Amino acid sequence: MMKRQHIMWALAALCVMLLIAAPVAAADPSGEETIAENPGAALDFIWVLICGFLVMFMQAGFSMVETGFTRAKNAANIMMKNMMDFSIGALSYWAVGFAIMYGTMQGMDWLMGWSGFFLIGDAYDVTTIESWFFQMVFAATAATIVSGAVAERCKFSTYILASVAITALIYPLYGHWIWGGGWLSGLGALDFAGSGVVHALGGWVALAGALLLGPRIGKYAKDGTPRAIPGHSVTLGILGVFILWFGWYGFNCGSTLVGNDLRISIIATNTTLAAAAAMVTAMIFTWLWHGKPDVSMAGNAAIAGLVAITAGCAWVNPPSAVLIGIVGGILVVLGVWFLDWKLHVDDPVGAISVHGINGAWGLIALGIFADGTYGGVAGLLFGGADFFTAQVISTVVNFAWAFGMGLLVFGILKMTLGIRVSAAEEQQGLDLGEHGMSAYPYFVATEPAMEAE
């Protein structure tokens, strides 16, 4: 306990010293110079910040999806993880992540940035901090994706450390390569709003975490057959789907970064069509396959369609958006089946299929379907063979980086602090074991005894 107190006091002292040492001189902390040079800047600021507020509200959507699709005895734990993903993610990205992603480093800009830590000095500027806010909510989203895949058996303390690693290092470095002027952007790779930078990255880190954690107790029979472990509230889960869908308009439309770009009408339409097409496709697919339309799978498919269109939402036309969504709806169903039945990777909410697989599909789809009508970006079907190649390279790098770093981070935590709660705590529920409370103190539920593998 004393060691922990010493660490906390040391961190607090460091923050105080940084604030005291921060130079007073800054670029434009009042905004007066910025508005004088560009009277239209206010519109851009309002647009980007309001869209950032929408993306922040997506945290509520993730909370509802993950909580609804898991058991009641773990609801408070999941809500706590989502709150900390945003709060600790904001602090990590403020202190370190933004400087790595968008800073400058003479001679090494192709790899990473290294300026603007703690938003002090020249980074104490209205334009820079506007960019920080919008990118911060994206960073927190990447971290939150991991929460659902490791739900119901991951230690809260080590999960927090993994969340810090994602927002301070894993997300910012790949983000720099694409959005910060790094080497992948130099190859011509693009990602308009983050199918790869945010979603695939979070999904592949989630795959690493789920692999190293192992399945929940009772998930697989002795012969390897998966057992269903139903979530406690489809209602909450689907509410979360609609919240995410609503917030996604901020995610995609806001990535224009300016308030007078009329392409936002096409971006909003493509976002809607891809999600709708994915949801309907998954409904029909599961209906034909299992004889009943699966509600939770249809909800996950809508999110998968949103993930898949995010990279290309500004660069493809509406018919292509529908096709991208149809493929996304099929991929999410097959992905969940493959992970569950063939790889025996236990992902309680389907996050790996939704974000990892469909994030990768989104990057590839951009390389295929971009039609050249916006910014001259043309995919394979419109003569852009080189651009398609760049997108394939970016997709491979995205997987290798995120999955590799996920294995490294969760592997180190597993060997040192441990990443999984005890079997007794898992069966009791993480609400009581990790937080000493129940999300539903007056609700009594029984569940069948689950045998270990």
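**Entry 1: α5 against α6**

I started with how α5 and α6 cross, and the crossing is right-handed. I'm working from a predicted model here, so everything below is read off that prediction. Next I looked up the geometry of this pair: α5 covers residues 126-149, α6 covers residues 156-179, and they pack at an angle of about 125° with axes 9 Å apart. That angle makes α5 oblique to α6.

Which residues of α5 meet α6? I listed Gln135, Phe138, Ala139, Ala140, Ala142, Ala143, Thr144, Val146 and Ser147 on the α5 side. Across from them, α6 brings Tyr159, Ser163, Ile166, Thr167, Tyr171 and Trp179.

**Entry 2: α4 against α6**

I stayed with α6 and turned to α4, residues 75-102. These two pack at about 40°, and their axes lie 8 Å apart. Angles under 35 degrees would count as roughly parallel, so α4 and α6 come out as oblique to each other. Their crossing is right-handed. For the contact of α4 with α6 I noted 18 nonpolar residues, eight polar and two charged.

**Entry 3: α8 against α13**

Is the crossing left-handed or right-handed? For α8 and α13 it is left-handed.

From α8 I wrote down Ser195, Gly196, His199, Ala200, Gly203, Trp204, Ala206, Leu207 and Ala210 as contact residues. Their partners in α13 are Ile352, His355, Gly356, Ile357, Gly359, Ala360, Gly362 and Leu363. The class count for α8 with α13 is nine nonpolar, eight polar and no charged residues.

**Entry 4: aromatic pairs**

How many aromatic pairs does a search of the whole structure find? I got 19. I picked out Phe192 with Trp315, which sit edge-to-face, 5.2 Å centre to centre and with 85° between the planes. Where are they in the chain? Phe192 is in the loop between α7 (183-187) and α8 (195-213), while Trp315 is in the loop between α11 (295-310) and α12 (318-342). This pair links distant parts of the chain, as the two residues are 123 apart.

**Entry 5: the database record**

Last, I checked UniProt. The unreviewed entry lists residues 47-440 as "domain: Ammonium transporter AmtB-like". In the model, that span is 69% helix and 0% strand. I also looked up its ends: the C-alpha atoms there lie 39 Å apart.

How values were computed: Residues are numbered from 1 along each chain as its sequence is written. This is a predicted model: local features need pLDDT of at least 70, side-chain atom pairs count only at pLDDT 80 or more; totals for chains, interfaces and linings use all residues. Side-chain values use heavy atoms; hydrogens and water are left out. Axes are lines fitted to C-alpha atoms, for helices over the stretch in contact, and angles run from 0 to 180 degrees between N-to-C directions. Helices (H or I, at least four residues) and strands (E, at least two) are DSSP runs, numbered from the N terminus. Angles under 35 degrees count as roughly parallel, over 145 as roughly antiparallel, 65 to 115 as roughly perpendicular and the rest as oblique. A crossing is left-handed if the near helix is turned anticlockwise from the far one by less than a right angle, and right-handed if clockwise. Contact means heavy atoms within 4.5 Å. UniProt positions are given in the numbering used here, feature names are shortened, and annotations may be inferred rather than shown by experiment. Rings of Phe, Tyr and Trp (its six-membered ring) pair if their centres lie within 6.5 Å; planes under 30 degrees apart count as stacked, over 60 as edge-to-face and the rest as tilted. Ala, Val, Leu, Ile, Met, Phe, Trp, Tyr, Cys and Pro count as nonpolar, Asp, Glu, Lys and Arg as charged, and the others, Gly among them, as polar.
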